[in-house]
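Welcome! Take a moment to look over the structure below, and then we can walk through some of its features together.

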Amino acid sequence: QTGTPMNKKVITEDMITNKTENGYNLNFDVNKNYTIKTATVNGKTITYRAYENIVYVAKPVDIAYQTINIYIPEEYFKNKSVGKYNAKSAPIFFPNTVGGYMPGAAGVPGNGRDGKPDASLVALSNGYVVASPGARGRTLEKDGKYTGKAPAVIIDLKAAVRYLRYNDDKMPGRADRIISNGTSAGGAVSALLGATGNSKDYEPYLKEIGALKARDDIYAVSAYCPITNLENPNTAYKWMFNNVKTYKKIEISMLDYNVERKYTEGTLTDDEILRSNDLKKMFPDYVNSLKLKDKNGKLLTLDENGNGSFKEQIKQYYIDSANTALKKGTDLSEFEFLTIKNGKVVDLDYDKYIAYMGRQKTPGAFDNVDLSTGENNEFGDETTNNKHFTQYMLEHSTVNGTMADKKIIKMMNPMNYIGSSKVKYWRIRHGAIDKDTSLAIPAILAIKLENLGKKVDFASPWATPHSGDYDLTKLFGWIDKVVA
Ligand code: DHB
């Protein structure tokens with residue numbers, strides 16, 4: 001599980017642009033160390049300044065990842081505007097490149113794998129400033145120590161936000177309009193960043209790496225398929241897929257959504273079925289403890305068999321998803337689990353739908369008895385590569401595993417912080433055939449946020465697998481609306 005993700009550029013000391021004789025210069029200078037770049041977006045040529053490979057803390061642990069790249073439309077240096085925005089009003093789009101809880105280097109705008117302009121290029125063409133932070137991840141090592149375990153990823157993102165806040169008056173764009181974006185593990189840390197703004201819990205870690213003294217709260221969160229709330233998806237997964245005994249599993253090193261996936265087929269062992277049954281029973285207790293309410297104020301609960309209004313709500317998301325697809329003209333006639341009447345999807349056979357989607361992970365999907373998951377690896381520490389983070393798996397550990405620090409487990413879960421988060425705007429997407437985590441997990445986050453009075457745009461797009469940034473026109477339409 002070690003090594004550098006193959007899709008990420010390796011940054012070396014000689015590439016760093018803010019290194020001085022006495023450390024790193026954390027004062028941004030808009031007139032220095034940039035190159036001019038151009039790109040074509042929707043047939044239009046855009047020109048922007050690229051300030052790259054800026055170390056954002058005074059005492060970095062790994063300069064390959066603790067850097068930020070900042071991109072600013074060239075018009076803003078000529079007193080011109082782009083789209084709705086000018087140098088004073090431009091929001092800052094803040095996309096991380098984290099996947100699989102692996103290290104993610106600062107992103108560079110370009111065309112995606114589909115050959116189309118990626119989110120950062122589209123953001124620039126819409127007049128946003130783009131600031132793409134790098135962050136450490138679970139596989140990093142230095143001098144015989146692990147250097148990127150939890151909570152390193154969120155500490156680094158916060159430090160990068162502080163860099164932007166601290167340097168706000170030195171560059172175009174509004175640091176009080178930072179919109180975070182990420183997919184999968186990156187979606188999870190995007191949500192975590194929104195949940196934990198200015199929280200004292202992270203302060204000692206920020207101090208240790210020489211983060212600037214500034215606010216680290218952001219304005220809005222965009223999260224695609226967030227692999228979040230890591231203590232609970234084990235049970236949520238079993239709740240959703242308990243009846244599906246076969247699986248198509250991804251290799252663990254292929255966790256990262258950016259990387260091409262290889263699947264192995266198999267059938268659950270008796271032991272795994274037993275564990276799946278155990279875990280399935282634990283999920284209702286968790287859901288019921290949250291006292292979630294639907295849009296009409298009705299409690300969302302589950303009985304001991306896993307049935308109830310919460311399950312109906314999850315089913316409704318899939319029905320809504322199918323209806324949205326139908327309205328767009330998608331042919332849904334092949335899906336016999338749907339009941340379509342008068343041009344409307346009126347019902348979905350839940351069990352059949354789950355069987356059609358299929359199981360991808362084996363129990364425990366996130367914390368496993370043999371410490372084999374990417375999440376076990378994320379919760380390691382400086383000297384122990386993999387740890388448990390749930391009581392059940394600790395008790396059933398087949399490898400004498402130890403438990404991660406309770407405080408760190410808490411710090412990685414946005415559910416523990418959203419109650420005090422000031423972030424009002426959240427956009428959460430989780431594809432309707434995404435089985436990297438149960439839809440219940442992002443749904444719980446979205447519903448809890450709604451119950452707290454936040455403005456939440458949550459949906460499960462039809463036939464969409466584990467992926468992100470697939471609806472950029474809508475994403476930026478949403479951002480334009482919430483920053484206004
Ligand atoms: C990612 C995918 C997973 O299945 C997971 O458990 C964690 C992270 C990812 O694509 O980032």
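## Two helices that cross

Two packed helices are described by the angle between their axes and the distance between the axes. Please keep in mind that this is a predicted model.

In this model, helix H7 covers residues 309-327 and helix H8 covers residues 350-357. Their axes come within 11 Å and cross at roughly 60°, and the crossing of H7 and H8 is left-handed. On the H7 side, the contact is made by Lys311, Ile314, Lys315 and Tyr318. H8 brings Tyr350, Asp351, Tyr353, Ile354 and Met357 to the contact. What kinds of residues meet between H7 and H8? The contact divides into 6 nonpolar, no polar and 3 charged residues.

## Around the ligand

Now let us turn to the ligand. There are 13 residues around it, and Gly100, Ser184, Lys361, Glu375 and Asp436 come nearest. By type, the shell around the ligand is made up of 5 nonpolar, 4 polar and 4 charged residues.

For Lys361, an N or O atom of the side chain is 2.6 Å from an oxygen atom of the ligand. Asp436 also has a polar side-chain atom 2.6 Å from a ligand oxygen, while for His466 the distance from a polar side-chain atom to a ligand oxygen is 3.1 Å. How much of the ligand does the protein cover? On its own the ligand has 290 Å² of accessible area, and the protein covers 100% of that.

Most residues other than glycine have a negative phi, and most peptide bonds are trans.

The peptide bond from Ala150 to Pro151 is cis, with omega near 5°. You will find Pro151 in the loop between strand S9 (145-146) and helix H2 (152-166). Another cis peptide bond joins Pro363 and Gly364, with omega about -15°; Gly364 sits in the loop between H8 and helix H9 (374-378).

Finally, look at Lys291, in the loop between helix H6 (270-290) and H7. Lys291 is not a glycine, yet its phi is positive, at about 50°.

Notes: Residues are numbered from 1 along each chain as its sequence is written. This is a predicted model: local features need pLDDT of at least 70, side-chain atom pairs count only at pLDDT 80 or more; totals for chains, interfaces and linings use all residues. Side-chain values use heavy atoms; hydrogens and water are left out. A residue is near a molecule or strand if one of its heavy atoms lies within 4 Å of it. A polar contact is a pair of N or O atoms within 3.5 Å; within protein, one must be able to donate a hydrogen and the other to accept it, and residues adjacent in sequence count only if both atoms are side-chain atoms. Accessible areas come from the Shrake-Rupley method with a 1.4 Å probe; for residues, only the protein chains shown count as cover. Ala, Val, Leu, Ile, Met, Phe, Trp, Tyr, Cys and Pro count as nonpolar, Asp, Glu, Lys and Arg as charged, and the others, Gly among them, as polar. Axes are lines fitted to C-alpha atoms, for helices over the stretch in contact, and angles run from 0 to 180 degrees between N-to-C directions. Helices (H or I, at least four residues) and strands (E, at least two) are DSSP runs, numbered from the N terminus. A crossing is left-handed if the near helix is turned anticlockwise from the far one by less than a right angle, and right-handed if clockwise. Contact means heavy atoms within 4.5 Å.
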